[in-house]
Amino acid sequence: MSELVKLTPEKLRELQLKQLDMLVYFRDFCKKNNLKVYLIGGGLIGALRNGGFVPWDDDADVIMPRSDYEKLPKLWKEQHNENSRFRLLRTDENIFTGNIFTTITDTNYTMVKANQIDIDIPHGLVLDVFPLDVCPDSRFARKMQYVWTMLYSLFLAQIVPENHGGIIGFGSRVLLGIFRGDKLRRKIWQFCEKKMMQYNLDENKCVTELCSGPHWMKVEYPKHIYEGVDYVTFEGYEMPCMAGYDEYLTMVFGDYMKLPPEKDRVPHHDIAYLDLNSPCINYDSKQKYKKRK
């Protein structure tokens, strides 16, 4: 792999402000279509602590209740065409993204993440959109939800999970080796997706982030945290967040107003190529990016 892009403070700030366009656009789209969306993670901390992006952060993430998350692709398709600036990307029978969640892509710019170099998608700036799922009260059902989610992630992303050796890594390689066809893998992850998201909010006490990775899927948030909507100021814009944002952030980050150690104040995505002056193109030639880098 070619050398990763190193972001200077000036380039990082330029990247943040261009990503802001997409975040505001998505907020307005959700409001127009009566979809709930919440600013989460570092973006939410940045709003409270910095009034916008955390200075070293290279993106902002949002989350939607699963019911609204599932409405999103249809509504987006109805109101956008294939030449729209902002594209919604989600793996299905027509496209493979390598992600287990939805992304909104700003095609006015070009950014290729290191883990997507070989994937044929529009490589623009991205806003990650995660679903908020219900986790069952039953401990056995919850363990099964882990299993369904891990299988969903494996067969959708079609790669062995990072940092997983031992039994999980070995088992993942074996399963991918046995079930090789794209259609078969799609049937498996679609089945697993239905199983992992089958629980009703009225009948259970907590919600969770099944599509945010192995660590986050184990965190259980009391559902009252998300029962209302509040607003925070982010780069001069009012952004929606969960009413229980303090409880949410404290559960996940502890004293979230305290700065992390200096060694952790770095961007957390590996970027293989970045061009903030040119629109993105479908990645059909590896050499094109390598030559332009």
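**Notebook: contacts, salt bridges and a pocket**

I began with Tyr 152, which touches Ile 100, Trp 189, Cys 192, Glu 193, Met 196 and Cys 211, leaving aside residues up to four places away in sequence. The model I am reading is a predicted one. I looked up where Tyr 152 sits and found it in helix 4. Its relative accessibility is 4%. Buried means under 20%, so Tyr 152 counts as buried. I then checked one of its contacts, Glu 193: the two C-alpha atoms are 6.0 Å apart in space, while the residues are 41 apart in sequence.

**Confidence**

The average pLDDT of the protein is 91, and 92% of the residues score at least 70. Where does pLDDT stay under 50? I found this over residues 283–293. For that stretch the model has 25 contacts beyond four places in sequence.

**Salt bridges**

Next I turned to charged side chains. Side chains of opposite charge can pair when their charged atoms come close. How many salt bridges does the structure hold? I noted 16.

My first entry is Lys 11 with Glu 14, where the closest N and O atoms are 3.5 Å apart. Both residues lie in helix 1, which covers residues 9–32. They are 3 residues apart, about one turn of the helix.

My next entry is Arg 85 with Asp 21, a salt bridge with an N to O distance of 3.5 Å. Arg 85 lies in the loop between helix 3 (66–79) and strand 3 (86–89), and Asp 21 lies in helix 1, so the pair ties together parts that are 64 residues apart in sequence. Arg 85 is partly exposed at 28% relative accessible area. Asp 21 is partly exposed as well, at 37%.

I then looked up Arg 142 and Glu 220, whose side chains meet in a salt bridge at 2.8 Å, N to O. This pair links distant parts of the chain, 78 residues apart. Arg 142 is in helix 4 (residues 139–157), and Glu 220 is in the loop between strand 7 (206–208) and strand 8 (221–222). I compared how the two partners are placed: Arg 142 is buried, with a relative accessible area of 1%, whereas Glu 220 is partly exposed at 21%.

Some salt bridges share partners, and I wrote down one network made this way: Arg 66, Glu 70, Arg 90, Asp 133 and Glu 193. Arg 66 is in helix 3 and counts as buried, because its relative accessibility is 8%, under the 20% limit. Which residues does Arg 66 touch? Not counting those up to four places away in sequence, I listed Arg 90, Pro 131, Leu 132, Asp 133, Glu 193, Met 196, Met 197 and Cys 211.

**The second largest pocket**

I looked up the second largest pocket and noted a volume of about 770 Å³. Its lining has 29 residues. Nearest its centre lie Pro 73, Leu 88, Arg 90, Asp 92 and Ile 95. By class, I recorded 13 nonpolar, 7 polar and 9 charged residues in the lining.

Which element supplies the largest share of the lining? It is helix 3, with 5 residues. Helix 3, strand 3, helix 4 and helix 6 (182–196) each give at least two residues.

**Loops**

Val 266 is in the loop between helix 7 (245–253) and strand 11 (271–275). Val 266 is partly exposed, at 44% relative accessible area.

Asn 34 has a phi of about 55 degrees although it is not a glycine. Asn 34 lies in the loop between helix 1 and strand 1 (38–40) and is exposed, with 68% relative accessible area. Glu 235, another residue other than glycine, has a positive phi near 55 degrees. I found Glu 235 in the loop between strand 9 (229–234) and strand 10 (237–242).

Note on methods. Residues are numbered from 1 along each chain as its sequence is written. This is a predicted model: local features need pLDDT of at least 70, side-chain atom pairs count only at pLDDT 80 or more; totals for chains, interfaces and linings use all residues. Side-chain values use heavy atoms; hydrogens and water are left out. A salt bridge is a side-chain nitrogen of Lys or Arg within 4 Å of a carboxyl oxygen of Asp or Glu. Helices (H or I, at least four residues) and strands (E, at least two) are DSSP runs, numbered from the N terminus. Buried means under 20% relative accessible area, exposed over 50%, partly exposed in between (1.4 Å probe, protein chains only). On a 1 Å grid over the protein atoms alone, a cavity is a set of points where a 1.4 Å probe fits but cannot get out, and a pocket is an open set with protein on both sides within 12 Å along at least five of seven lines; lining residues have an atom within 4 Å of a point. Grid points are joined across faces, edges and corners, and a volume is the space filled by probe spheres set on the points. Ala, Val, Leu, Ile, Met, Phe, Trp, Tyr, Cys and Pro count as nonpolar, Asp, Glu, Lys and Arg as charged, and the others, Gly among them, as polar. pLDDT is the predictor's confidence in each residue, from 0 to 100. Contact means heavy atoms within 4.5 Å.
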